[in-house]
Amino acid sequence: MSRCCTVNFKEHALFGPAIEVISAIENHGGEAFMVGGCVRDFLLGQEVKDVDIATSLRPEEIMNIFDKVIPVGIEHGTVIVRQRSLSFEVTTYRMEEDYEDYRHPSQVYFVSSIEQDLSRRDFTMNAMAMTSGGKLIDPFSGEEAIREKKIETVGSPSDRFEEDPLRMMRALRFSSQLGFTVSPSVLEVIKEKSSLLQHLSVERLAAEFEKTVAGPWYRKGLNYLAGTGVFAHLPVFCTCTDAAGRLPLVRLRDWSEMLSFYHQQIPGVPVEDWGRKWKLSNSTKKKARNISGAVQMYKERGLGDYLLYTLGGADLYSWVNVMRSLGYEMETDPVERYRSLPIHSRSELHLDTEELLQLFPERKKGKWIGEYLNALVQSVVEGNCVNEKDELIKWIIELDRQRQG
Ligand code: ATP
Ligand code: MG
């Protein structure tokens, strides 16, 4: 063990309650440590998002100690302990047997020491544990790797990537999130073994890819993805090789922004195909379609008020970000301009569907209703008609006269 930290853990919003959980386990004769990402982020001086705890006790024993426990993965040794309205994953020291089909370890078995538990972890910076007093257990020199900003595997990279190829993606995404360099020997093995990624589920790849593109050092991460040949094993990129080399000019923050960016790079692949091949959610696809449509509208007609209206408040910031990633300078502040639009939704129109129908009583209901209401919205948004009932009626009757004539 080394180092004793000066931080007052008990006062910390997450470490404080985590230490209470650890103390309760120790009072029942067990060992427990904070492990993994929280130790890494703490040493980096970064915000700690959650604290995972590793323990010598079995899940059933943990369930007997605490009142509020959620048995989320007892077969893997994991339960969630609720403490001060926060959740802590408490996992029994374990190791993993051979990975079947590259996806799941064929068996998880419990072990007796924290060092054994740390040895199954992916990278040296993720394989450290910390006592409630801030002492570090660091059998693989993770602290040194953090100091040198290096990503090294615990043990042979070849074996570790064979066991679980997702670790290759994780190495690249951590480089993008932390700005760390992947050690040359690890990079070599990723180049050799990148084809193993095809065995993984698309959902797992998609989650890592999103974090890689969204990291502060995304250029580093994307350059690694291209340089190691990993891109060639990712959906869509495997067939559209020129997309792989395109770097967004600013950081993209989520899948819908990424999809909108890459769709502009390879317009031949519809948003739908990206969504299907990467198994993205309907809300991601919807947002990407909205943003992509607005990018297209901008290219054809510039920054009009109706374009801002169609984006709506929710997607506007994402659209601005995607535009910047594509190299467009936004001369005026579109967010301010959006706020000052006369209306922001169809329901704010001072003419509703019933009133519109009464204007054309002889006409059968149909898609003309939506078209007329949208035309009204557009004319109000663009300042061609005032949002007052009489004006709207005059405007729509004139539109109808032109259409019928
Ligand atoms: P993040 O801030 O993204 O959550 P993290 O390091 O906490 O980073 P998690 O995916 O939450 O990452 O995993 C928690 C810990 O479990 C890791 O720090 C690592 O020790 C271990 N781990 C996670 N995934 C793997 C894996 N595929 N192979 C080996 N160890 C892993
Ligand atoms: Mg985590």
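Which strands does helix α2 (residues 37-44) lie across, and at about what angle to β1 does helix α2 run?

1. Helix α2 lies across β1, β2, β10 and β11, and its direction makes an angle of about 60° with β1. Please keep in mind while reading that this is a predicted model.

2. The strands under discussion belong to an open sheet of 7 strands, which follow one another in the order β3-β4-β5-β2-β1-β10-β11 with mixed pairing. At the edges of this sheet stand β3 (69-73) and β11 (136-137), each of which pairs on one side only. As background, strands of a sheet pair through backbone hydrogen bonds, either parallel or antiparallel.

3. Within the sheet, strand β1 (residues 32-35) and strand β2 (residues 52-55) run antiparallel and are joined by 4 bridges. To follow the pairing on the structure, one can look at V35, whose bridge partner in β2 is D52.

4. Turning to the cysteines, the structure holds 0 disulfides. C38 counts as buried because its relative accessibility is 3%, where buried means under 20% relative accessible area. C385, with a relative accessible area of 7%, is therefore buried by that cut-off.

5. On the scale of the whole protein chain, the division is into domain 1 (1-145), domain 2 (149-240), domain 3 (248-341) and domain 4 (345-404). The centres of domain 1 and domain 4, taken over C-alpha atoms, are separated by 62 Å.

Conventions
Residues are numbered from 1 along each chain as its sequence is written. Chains are lettered from A and ligands numbered from 1 in the order in which they are written. This is a predicted model: local features need pLDDT of at least 70, side-chain atom pairs count only at pLDDT 80 or more; totals for chains, interfaces and linings use all residues. Side-chain values use heavy atoms; hydrogens and water are left out. Domain bounds come from an automatic or database domain assignment. Two strands pair if DSSP finds at least two bridges between them. Helices (H or I, at least four residues) and strands (E, at least two) are DSSP runs, numbered from the N terminus. Contact means heavy atoms within 4.5 Å. Axes are lines fitted to C-alpha atoms, for helices over the stretch in contact, and angles run from 0 to 180 degrees between N-to-C directions. A disulfide is a pair of cysteine sulfur atoms within 2.5 Å. Buried means under 20% relative accessible area, exposed over 50%, partly exposed in between (1.4 Å probe, protein chains only).
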